[in-house]
Amino acid sequence: MFLVVTTLVLSELLLRVYNPFHFRVKGNTIQLPVNQKYKITTAESDGLDAVITHSKNQLGFRGQDMGKDFADRYSIFVVGGSATECLLLSDGEDWPNVLLKKLQPEFPSLWMNNAGIDGASSYGHILLLQQHLTRLKPKMIIFLLGINDINRVDMNGFDNLTSINNAPFFVRAAEYSELWSTVLNLYRSKKAKDKSLTHNSISAIIDGKTAMSDTDMHQLKFKLQTADVQLMAAYKKRLLMLIELCRKNQINPVFVTQPCIAGNTIDSTTGKNLGDIQVTATMNGHQFWELLQAYNRVTIETANEQLCFVIDAATTFPKSRDMYYDLMHFRKEGAKAFADTVYTYLQPYLQQQKIK
């Protein structure tokens, strides 16, 4: 008992002095990395650069600082998970900043920041708005979301939270303990990895996994059909909370559906059908795409019901290895192409808003 207690106390003290994991969530509180600059090295696989420069500004996001004229600019934050943050793309190559460069010649007053957070779900977006974004009073928030909400049964009971004080004890404890916060975040990372939502290699996914058997497919489909009704209802509830938060603060919410490479398409390099490849521990590409599209449909339906502008990028964006370095994360070429896709729909909408 003495050894266990001593080890826990020393671990807590050491992690308070130096925590090598750099998680941005502590319990239910989002801690933004203000004025940070990272040098990331990769193996140059699947179209990634060998060295990546990734910077965060005074707000903890990607893009230009606010400036003294912020109140006079048409300010937009782009909110999403890792597919928005584009962790493994250098500064200026992430799709929100490519989109800004395309829009600015027509809309000089436009200001945009990439507020994507790797791993964030719609619940994380709610916390980001509550804790950081609404006080900044931007004119618009663009949400790219859905993929990190897939099968998130662990968020049951979180949907009515308005503060950390209402959270379960194991989440509140992470606010006060660096050790428990680290353990909780490592557990969350493990769950994301099991779903192939972390940064992987598309080559490894295609070459390393085999097609699922018909029996496994039927069992999986039954499980998904029985679980989806409640999960989709909870996801819709979180979308409504995001819309309500925006409108209470005079922010215009815009939604973009989430694309991915999985589905019934032939990989140009290997000739394999990406629908048959097992892309997660429990799903092949066809089933993963069907499930993601179910969440995308909820996004579209909810946005339409609430008269929000929505861009269905998931249906129009190409499923090409040239665009992705893994299941859902963009290469440079993909980020540029995705910015082009969003621009096609957003530019006329911004013109309707009479932005100068």
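**Exercises on strand β7**

In β7, Leu144 is the bridge partner of Gly80. The model is predicted, so local features need pLDDT of at least 70 and side-chain atom pairs count only at pLDDT 80 or more, while totals for chains, interfaces and linings use all residues. Residues are numbered from 1 along each chain as its sequence is written, and side-chain values use heavy atoms, with hydrogens and water left out.

**Exercise 1.** Determine which strands are joined to β7 by bridges, and how they run.

Solution. Strands (E, at least two residues) are DSSP runs, numbered from the N terminus, as are helices (H or I, at least four). Two strands pair if DSSP finds at least two bridges between them.
- Step 1: β5 (residues 74-80) is joined to β7 by five bridges, and the two run parallel.
- Step 2: β8 (residues 252-257) is joined to β7 by six bridges, also parallel. Ile142 has Val254 as its bridge partner in β8.

**Exercise 2.** Decide whether the two faces of β7 are covered or open.

Solution. Buried means under 20% relative accessible area, exposed over 50%, and partly exposed in between (1.4 Å probe, protein chains only).
- Step 1: Strand β7 spans residues 140-145, and six of its six residues are buried.
- Step 2: Met140, Ile142 and Leu144 are on one side, and Ile141, Phe143 and Leu145 on the other. Both faces are therefore covered, by the cut-off of under 20% for buried residues.

**Exercise 3.** Classify Val9 as buried, partly exposed or exposed.

Solution.
- Step 1: Val9 lies in helix α1 (residues 2-17).
- Step 2: Val9 counts as partly exposed because its relative accessibility is 44%.
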